[in-house]
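User: I am new to this structure and would like to work through it by question and answer. Please show it first.

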Amino acid sequence: MAVNKDDVRRIIRAIGGKENVNAATHCVTRLRLALEDESKVNKEELDKIDLVKGSFAANNQFQIVIGPGTVDEAYKVFTEETGMGESTKDEVKAAAADKMNPLQRAIKTLGDVFIPLLPAIVTAGLLLGISNLLLEAGAIYKGKAVVDVYPQIKGIAEIIKLIAVTPFHFLPALIGWSAMRVFGGSPILGLVLGLVLVNPALASQYGLADRDTGKLVEIPTWDIFGLKVQQLNYAAQVLPILLATWCLAQVERFLNKRVHDSIKMLVVGPVALLLVGFLSFVIIGPVAFWLGNQITGFVQMIFENAGWLGGLIYGLVYAPLVITGLHHMFLAVDFQLMTSNLGGTYLWPILAISNIAQGSAAFAAWFLYKRRKMVKEEGLALTSGISGWLGVTEPAMFGVNIPLKYPFVAAVLTTGLVGALFGAQNVLGKVGVGGVPGIMSINSGFRLTFFIGMIIAIVLPVILTLIFSNFAKKKGEEVVVERVTETK
């Protein structure tokens, strides 16, 4: 689609001119900008531009929603008009990171580690949901699994499950690769270290109890100068590999500065991996394993003793945390809970409900825009509502609900209410797909409760948004009318 260059020039003026842009890149639908001063952005002027479908600031990046395909052409014109070269996403992130406080940087680091893994995790979660529907008794047929009714598909179902559980089992290897990339080391060394921690020769955490008696079995140990080191497998664990890769990156950088180039290949990798490998089994792994158990124990204690309160609080704060980017830190908690004796996480089902509620609120906004004949906003709200129901809420939140305010409030209140319901019933799920398809990520036995929560999340935000809209100030309505007149 051809892009009107005048529209792009108006975007540049509305964001404070080319001198206000430090770096720029784009994703599938949005221009992503690191600005010198975001207060110079003229949101009203920006919203009047036909090319712009919405805009928002997050993680010290200013993002302008344009649309798939069109954004590519807009970005080319943008770089031509500003006279700046194309920036990578990492360069934009680096420019934005300069303005972050230490807590924001720590959360950004977690996000940078886990976000690249989401395609694999979401795929695995979706496939795991499909395999559960096929292999679990009672999932579809009363007292029977689908493979019992159709035994000819049992092999297919088992292969699906094998593919689904592999990313979760080898999660330390995936985190090792991603974390080393973020910490400034060699990703391949992080991958190898992760594989070391999940070596099948190690004692499995899931086989520490005798199946018949239930008593704990003795864990094999190595004798290192009289020190007994447990041969424990850290499959599906998060904290041990995170701490180990940070140490590995420091050691590798230290050696790279001091070892001559001619022997780096023979010294840096082997020494760094050997040293941190020893530390992982002797100190890092046991300490991180204990810390992870404390975190999961604390969350489990809250949900077992006051589940409604835990679910209410998480439901109310999740969407606001998305605005700040702090929601990324809960991925690590999700993974820790999944590897505990629970076999699932309390948090992901509430996240899926938040997706649905934000999408429903956007649909309500679509109805309001349609009634006011605001064609541009109407199209954005409709597409954002659909993407929200499918688990991608940023367009709905930043392009529709937050600017209008009351749809966002309606979605947050709904998520809190359903979160309280889920917490009271101790609903568990796996990290995987969100939104409406998220029902496939829910553990067996909780899907009916999730379905009820899903219906509430579809209906209630629409009702609340329409009610709240009646309390909008008259002045605000006059502004809307003015904008519609200008658009026409």
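User: Is Gly344 buried or exposed?
Analyst: This is a predicted model, in which local features need pLDDT of at least 70 and side-chain atom pairs count only at pLDDT 80 or more, while totals for chains, interfaces and linings use all residues. Residues are numbered from 1 along each chain as its sequence is written, and side-chain values use heavy atoms, with hydrogens and water left out. Buried means under 20% relative accessible area, exposed over 50% and partly exposed in between, with a 1.4 Å probe and protein chains only. The relative accessible area of Gly344 is 0%, so Gly344 is buried.

User: In the loop between which helices is the place of Gly344?
Analyst: Helices (H or I, at least four residues) and strands (E, at least two) are DSSP runs, numbered from the N terminus. Gly344 belongs to the loop between α13 (329-338) and α14 (347-371).

User: Which residues is Gly344 in contact with, leaving aside its neighbours within four places in sequence?
Analyst: Contact means heavy atoms within 4.5 Å. The C-alpha atoms of Gly344 and Val427 are separated by 8.9 Å, although these residues are 83 residues apart along the chain. With neighbours within four places in sequence set aside, the contacts of Gly344 are Leu337, Met338, Leu428, Gly429 and Asn443.

User: How many of the residues of α14 are buried?
Analyst: α14 reaches 37 Å from its first C-alpha to its last, close to the 36 Å expected at 1.5 Å a residue; the expected span is 1.5 Å times one less than the number of residues. After α14 comes Lys373, with a positive phi near 60°. α14 is largely enclosed by the rest of the structure, because its buried residues number 21 of the 25.
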